[in-house]
Amino acid sequence: MIRSFGEVVEKARGKGSKRIVVAGAEDIEAVRAVKDAFEEGIGEGVLIGEPSKIAEVLGTIGKDSFVKNIIPVFSEEEKGHVSVEEVKKGGILLKGDIKTSTLLRAVLNKEWGLRTEKIISDVLVFEDTREEGRLVILSDGGVNVKPDFTSLLSIIENSVNVAHVLGIETPLVALLSANESVSLDMEETIIYSMIAKMNERGQIKNCVVDGPLALDNAISLYAAQKKGIKSSVAGNADILIVPNIVAGNLLGKAINYYAKFKNAHIIVGANAVILIPSRADQSDVKFYSIALAQIYNKI
């Protein structure tokens with residue numbers, strides 16, 4: 001089982017160098033992450049955007065040996081379209097200087113995009129170093145605003161697929177709410193109880209699901225024991241599923257800014273892995289996201 005981002009990078013290195021298509025390569029942090037990936041032997045850049053501005057970025061970085069190709073594109077919409085067409089040739093898609101909404105419209109385009117029959121979801125992986133250290137998954141704080149029952153099933157499936165790539169054979173999935181009780185006033189707790197029962201009866205496979213669980217019950221054996229919660233998931237969760245994008249976004253940013261855990265996030269469910277980091281994310285988050293994407297990617 002992979003327990004750290006150092007091990008993630010090591011495994012990505014073992015898979016060789018792959019194309020990293022940067023939509024809007026005028027963004028220096030995105031390009032710097034590609035350079036870091038190149039130096040680790042896991043990627044080389046296909047830079048899409050305005051050539052003069054990309055040249056300024058490369059001048060600041062001080063080298064361009066990590067660049068496989070520069071494709072001149074000048075409009076937002078064209079950046080999205082060209083990036084999608086390029087990633088179809090293989091590799092991953094990294095957001096640079098382009099609006100997230102523009103890039104996702106291109107990814108989900110019904111005629112030439114990367115969509116499948118599945119929904120896409122953001123999967124954040126962070127390195128929990130409170131004790132011996134391990135990787136924990138959080139979803140979805142980036143794409144699905146208020147997922148319904150069917151969407152939550154897909155979000156769980158996408159997260160479990162990432163867990164399997166990390167070597168977690170039977171991930172423990174916690175469905176997070178404000179407490180561990182089913183309440184008519186909190187719709188997600190009713191949905192969670194249905195999902196947990198489906199898993200108990202074998203309708204959701206390759207994982208163990210329990211919920212609703214409060215965050216403390218999901219990640220602290222002490223808290224779970226004090227509250228008398230008997231569950232193999234409680235205190236040991238590998239995957240944390242949130243009820244909506246607000247909860248996921250807030251928890252993800254707390255993990256990054258307060259806990260300062262190393263983290264990465266990828267968008268899965270499409271025909272290629274997509275990286276849509278925050279504009280405030282520095283190059284290390286983007287680099288770890290590239291490494292994670294490389295070991296998950298199938299093309």
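I looked up what lies under helix 4: its buried residues (under 20% relative accessible area, 1.4 Å probe, protein chains only) pack against strand 1 (18–23), strand 2 (43–49), strand 3 (67–72), strand 4 (92–95) and helix 5 (100–107). Contact here means heavy atoms within 4.5 Å. Helices (H or I, at least four residues) and strands (E, at least two) are DSSP runs, numbered from the N terminus.

I note that this is a predicted model, in which local features need pLDDT of at least 70 and side-chain atom pairs count only at pLDDT 80 or more, while totals for chains, interfaces and linings use all residues. Residues are numbered from 1 along each chain as its sequence is written, and side-chain values use heavy atoms, with hydrogens and water left out.

**Helix 4**

I listed the buried residues of helix 4 as Lys 79, Gly 80, Ser 83, Val 84, Glu 86 and Val 87. They sit on the same side of helix 4 because they cover an arc of only 160 degrees around the axis, taken from the directions from the helix axis to the C-beta atoms. Residues three or four places apart point the same way because an α-helix has 3.6 residues a turn.

I also checked the length. Helix 4 (residues 76–87) has 12 residues and spans 17 Å from its first C-alpha to its last, close to the expected 16 Å (1.5 Å times one less than the number of residues).

**Helix 1 and helix 11**

I found that the axes of helix 1 (residues 5–14) and helix 11 (residues 283–296) come within 8 Å and cross at roughly 50 degrees. Axes are lines fitted to C-alpha atoms, for helices over the stretch in contact, with angles from 0 to 180 degrees between N-to-C directions. The two helices are therefore oblique to each other (under 35 degrees is roughly parallel, over 145 roughly antiparallel, 65 to 115 roughly perpendicular, the rest oblique). On helix 1 the contact is made by Phe 5, Val 8, Val 9, Lys 11 and Ala 12. Helix 11 supplies Phe 287, Tyr 288, Ala 291, Leu 292, Gln 294 and Ile 295.

**Helix 2 and helix 3**

I read that the axes of helix 2 (residues 28–39) and helix 3 (residues 51–61) come within 10 Å and cross at roughly 55 degrees. That makes helix 2 oblique to helix 3. Ile 28, Val 31, Arg 32 and Lys 35 of helix 2 meet Val 57, Leu 58, Thr 60 and Ile 61 of helix 3.

**Leu 135**

I located Leu 135 in strand 6 (residues 134–139). Leu 135 counts as buried because its relative accessibility is 3%. Not counting residues up to four places away in sequence, Leu 135 touches residues including Phe 5, Val 8, Leu 166 and Ile 168.

Key:
Buried means under 20% relative accessible area, exposed over 50%, partly exposed in between (1.4 Å probe, protein chains only).
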